[in-house]
Amino acid sequence: MKWRLASDVLWNKNVPVRLKGKFYKVVVKPTLLYGTEYWPVKNSHTHKLKVDEMRILRWICGHAWLDKIGNEVIREKVGVTPMEDKMWEARLRWFGHVKRTSIEAPVRRCERLASVGSMRGRGRPKKSWGEVIRWDMAQLELTENMGLNRRVLRSEIRVEGS
């Protein structure tokens with residue numbers, strides 16, 4: 001029901017696209033990204049989120065997929081960054097929180113999630129949260145010690161725009 005109320009703002013042709021973009025950043029994107037900080041995100045998850053993101057952004061701009069307008073053009077028109085970039089920013093920010101947590105703190109949620117996959121069957125082991133973090137850090141050429149200094153980590157992982 002709430003989504004139906006929001007769709008009136010996003011669909012209205014009288015509302016400027018930049019204003020719709022701000023609404024998207026404040027309401028839609030946080031909803032789509034809820035909890036991605038501690039998921040062991042697979043490529044299929046990322047792909048589905050990208051597809052949903054572009055479907056919504058095209059809808060905001062009033063363009064159909066058949067109009068053959070590139071994703072980057074649509075994102076620039078609305079003024080948003082790719083969903084994938086915000087996902088790894090949120091994951092690495094959460095990694096910094098986990099890294100700075102004291103040893104006396106209660107068991108962290110990500111540790112419980114990592115231990116759930118300990119009983120494994122045949123085939124490749126399930127992707128763990130730590131594996132996803134290591135991959136993100138390798139892509140950005142970060143070290144684990146950067147997680148201890150909040151200011152340094154934030155400056156390295158910050159995605160321009162929203």
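At 54% relative accessibility, E72 counts as exposed, where exposed denotes over 50% relative accessible area, buried under 20%, and partly exposed the range in between (1.4 Å probe, protein chains only). The structure is a predicted model, in which local features need pLDDT of at least 70 and side-chain atom pairs count only at pLDDT 80 or more, while totals for chains, interfaces and linings use all residues. Residues are numbered from 1 along each chain as its sequence is written, and side-chain values use heavy atoms, with hydrogens and water left out.

The side chain of E72 meets that of R75 in a salt bridge, with N and O 3.0 Å apart; a salt bridge is defined as a side-chain nitrogen of Lys or Arg within 4 Å of a carboxyl oxygen of Asp or Glu. In contrast to the exposed E72, R75 is buried, at 8% relative accessibility. Because E72 and R75 lie 3 residues apart in helix α4, about one helical turn separates them. Helices here are DSSP runs (H or I, at least four residues), as are strands (E, at least two), numbered from the N terminus.

In total, 8 salt bridges are counted by this rule. One of them joins E84 and K50, whose closest N and O atoms are 3.2 Å apart. This pair links distant parts of the chain, since E84 belongs to helix α5 and K50 to helix α3, 34 residues apart. Both partners are partly exposed: E84 has a relative accessibility of 32%, and K50 has a relative accessible area of 35%.

A further salt bridge is formed between the side chains of E144 and K99, at 3.1 Å from N to O. Here too distant parts of the chain are linked, with E144 in the loop between α7 (129-140) and α8 (150-157) and K99 in helix α5, 45 residues apart. E144 is partly exposed at 42% relative accessibility, and K99 is partly exposed with a relative accessible area of 29%. Through shared partners, salt bridges also join E53, E72 and R75 into one network.

The packing of helix α3 against helix α5 was examined next. The axes of these two helices come within 9 Å and cross at roughly 130°, which makes α3 oblique to α5. Axes are lines fitted to C-alpha atoms, for helices over the stretch in contact, and angles run from 0 to 180 degrees between N-to-C directions. Angles under 35 degrees count as roughly parallel, over 145 as roughly antiparallel, 65 to 115 as roughly perpendicular, and the rest as oblique. On the α3 side, T46, L49, K50 and E53 meet M83, E84 and M87 of α5, contact being defined as heavy atoms within 4.5 Å. The residues of this contact comprise 3 nonpolar, 1 polar and 3 charged. In this classification, Ala, Val, Leu, Ile, Met, Phe, Trp, Tyr, Cys and Pro are nonpolar, Asp, Glu, Lys and Arg are charged, and the others, Gly among them, are polar.

Helix α5 also packs against α8, their axes coming within 10 Å and crossing at roughly 170°. The two helices are therefore roughly antiparallel. In this contact, W88, E89, L92, R93, G96 and R100 of α5 meet R150, L153, R154 and I157 of α8, a set that divides into 4 nonpolar, 1 polar and 5 charged residues. R150 is partly exposed, at 46% relative accessibility. Between R150 and R93 the separation is 57 residues in sequence and 8.5 Å in space, C-alpha to C-alpha.

Another residue of helix α5 is R91, which is buried with a relative accessible area of 6%. Neighbours within four places in sequence aside, R91 contacts T36, E37, W39, V41, W129, V132, I133 and D136.
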